[in-house]
Amino acid sequence: MGITITGLDDIRRHLRQSQQHAESLSGTHDVPIAKLLTSEFMLLNTDFESVDAMFAASGYKIESSQDLKSVPDEAWDSFVRSRTRFGSWEELLSEAAKEYLGRRLMGEA
């Protein structure tokens, strides 16, 4: 009497794909802010439906990463605290990066 197990090939294939995704994440990467701060992320975690809407509502002209760097850190963190579920811009970016990495590991991003 034997037991037949099916699906092991699918599991092996999935594990191999996950390993490939993980290997592609090693090292340092520049990720566009739009890939980190997706509409889904923004809707779940902020008062905005997009990062562009957040920038527009901030009262600062933010059209580039240089523009964002020119905003005083304390003022920007205060805005982030008041309109998101995070205590700072760094917290928001950190959580967005975790979610981005999760999507990449699953092959979704």
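Which helix does Val 80 lie in? Val 80 lies in helix H6. The legends below treat a predicted model.

**Figure 1. The chain is built from seven helices and zero strands.** From the N terminus on, the elements run α-α-α-α-α-α-α. The chain has 109 residues, and buried residues make up 26% of them.

Figure 2. Met 54 is 26 residues away from Val 80 in sequence. In space, the two C-alpha atoms are 9.1 Å apart.

**Figure 3. The largest nonpolar core has 20 residues.** Leu 37, Met 54, Trp 76, Trp 89 and Leu 92 have the most contacts inside this core. Helices H3, H4, H6 and H7 each give two or more residues to the core. H7 provides the largest share, five residues. In soluble globular proteins, nonpolar side chains tend to be buried together.

Figure 4. The structure holds six aromatic pairs. One of them joins Phe 55 and Trp 76, whose ring centres are 6.0 Å apart. Their planes meet at 50°, so the pair is tilted. Phe 55 sits in helix H4 and Trp 76 in helix H6, so the pair links distant parts of the chain, 21 residues apart. Both residues are buried. Ring pairs also link Phe 55 and Trp 76 into a cluster with Phe 48, Phe 79 and Trp 89. Trp 76 and Trp 89 are also among the core residues with the most contacts.

**Figure 5. Arg 83 and Asp 47 form a salt bridge.** The N to O distance between the side chains is 2.9 Å. Arg 83 lies in helix H6. Asp 47 lies in the loop between helix H3 (39–45) and helix H4 (51–57). The pair therefore ties together parts that are 36 residues apart in sequence. Arg 83 has 29% relative accessibility and counts as partly exposed. Side chains of opposite charge can pair when their charged atoms come close.

**Figure 6. Glu 63 and Lys 61 form a salt bridge.** A search of the whole structure finds two salt bridges. In the Glu 63 and Lys 61 pair, the closest N and O atoms are 4.0 Å apart. Glu 63 is exposed, with a relative accessible area of 65%. Lys 61 is exposed too, with a relative accessible area of 62%.

**Figure 7. Close-up of the largest pocket.** About 160 Å³ of space lies in this pocket. Helix H5 (65–70), helix H6 (73–83) and helix H7 (89–105) each give two or more residues to the lining. The lining consists of Ser 65, Leu 68, Lys 69, Val 71, Asp 73, Trp 76, Asp 77, Trp 89, Glu 90 and Leu 93. Five of these residues are nonpolar, one is polar and four are charged. Trp 76 and Trp 89 line the pocket, and both belong to the aromatic cluster.

Conventions: Residues are numbered from 1 along each chain as its sequence is written. This is a predicted model: local features need pLDDT of at least 70, side-chain atom pairs count only at pLDDT 80 or more; totals for chains, interfaces and linings use all residues. Side-chain values use heavy atoms; hydrogens and water are left out. On a 1 Å grid over the protein atoms alone, a cavity is a set of points where a 1.4 Å probe fits but cannot get out, and a pocket is an open set with protein on both sides within 12 Å along at least five of seven lines; lining residues have an atom within 4 Å of a point. Grid points are joined across faces, edges and corners, and a volume is the space filled by probe spheres set on the points. Helices (H or I, at least four residues) and strands (E, at least two) are DSSP runs, numbered from the N terminus. Ala, Val, Leu, Ile, Met, Phe, Trp, Tyr, Cys and Pro count as nonpolar, Asp, Glu, Lys and Arg as charged, and the others, Gly among them, as polar. Buried means under 20% relative accessible area, exposed over 50%, partly exposed in between (1.4 Å probe, protein chains only). Rings of Phe, Tyr and Trp (its six-membered ring) pair if their centres lie within 6.5 Å; planes under 30 degrees apart count as stacked, over 60 as edge-to-face and the rest as tilted. A nonpolar core is a set of buried Ala, Val, Leu, Ile, Met, Phe, Trp, Tyr and Cys residues joined through side-chain atoms within 4.5 Å.
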